[in-house]
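Please keep the sequence and the structure in view while reading.

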Amino acid sequence: MRIPDPCPLADQQVCAATRRLALALLRRIRLEAIKIEPRIRTLVATRQDLGYDLRLLHGSGGRLLLRYDLLKQPDPAWDKLTADLSLLAQLADLKTHPPGYYYVHPLSDPRDIAVPLPVNPRGLPPRTIGPLR
């Protein structure tokens, strides 16, 4: 079953271009993530004042690989990945687009989003999408 495009007809070219940009960002995120930690399958980010910060990294089957301390500055190796993830999250207006339309999925806390990498198209298993705070 094909999901209808939520973009109005007049905006469909803009939406298609934005989806292509989101897909390019997702590919770059995947490459950067694999360079740092090959086991990463899903990234979880939380909204901050100026964008999004990495919060959790999940491996296969939703297994938690790393939890960030948001009060500490992460290692500079993550800066490019975090910047791309923040841009991708800001492209995704989850109020008007279904989860996954821009490769971003909302979590139970409205500040949090999950980005399943292309190696993990199904995302986190349901048991891991509960309250994380």
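## Asp109 and its partner

Asp109 is buried, with a relative accessible area of 14%, where buried means under 20% relative accessible area, exposed over 50% and partly exposed in between (1.4 Å probe, protein chains only). Its side chain meets that of Arg111 in a salt bridge (2.6 Å, N to O). A salt bridge is defined here as a side-chain nitrogen of Lys or Arg within 4 Å of a carboxyl oxygen of Asp or Glu. Arg111, with a relative accessible area of 37%, is partly exposed.

The model is predicted: local features need pLDDT of at least 70, side-chain atom pairs count only at pLDDT 80 or more, and totals for chains, interfaces and linings use all residues. Residues are numbered from 1 along each chain as its sequence is written, and side-chain values use heavy atoms, with hydrogens and water left out.

## Other salt bridges

Side chains of opposite charge can pair when their charged atoms come close. How many salt bridges does a search of the whole structure find? The search finds six.

One of them joins the side chains of Glu32 and Lys35, at 3.1 Å from N to O. Both residues belong to helix 1 (residues 12-36) and lie three residues apart, about one turn of the helix; helices (H or I, at least four residues) and strands (E, at least two) are DSSP runs, numbered from the N terminus. Glu32 is buried, because its relative accessibility is 11%, whereas Lys35 is exposed at 63%. Together with Lys80, Glu32 and Lys35 are linked in a network of salt bridges. Elsewhere, Arg39 forms a salt bridge with Glu37, with 3.0 Å between the closest N and O atoms. Arg39 is partly exposed, at 42% relative accessibility.

## Aromatic rings

Rings of Phe, Tyr and Trp (its six-membered ring) pair if their centres lie within 6.5 Å; planes under 30 degrees apart count as stacked, over 60 as edge-to-face and the rest as tilted. The count by this rule is two aromatic pairs. Tyr68 and Trp78 form an edge-to-face pair, at 5.8 Å centre to centre and 85 degrees between the planes. These two residues are 10 residues apart, in the loop between strand 3 (64-67) and helix 2 (79-91). Tyr68 is buried at 14% relative accessibility, and Trp78 is buried at 10%.

The ring centres of Tyr101 and Tyr102 are 4.8 Å apart and the planes lie at 85 degrees, so this pair is edge-to-face. Tyr101 and Tyr102 are both buried.
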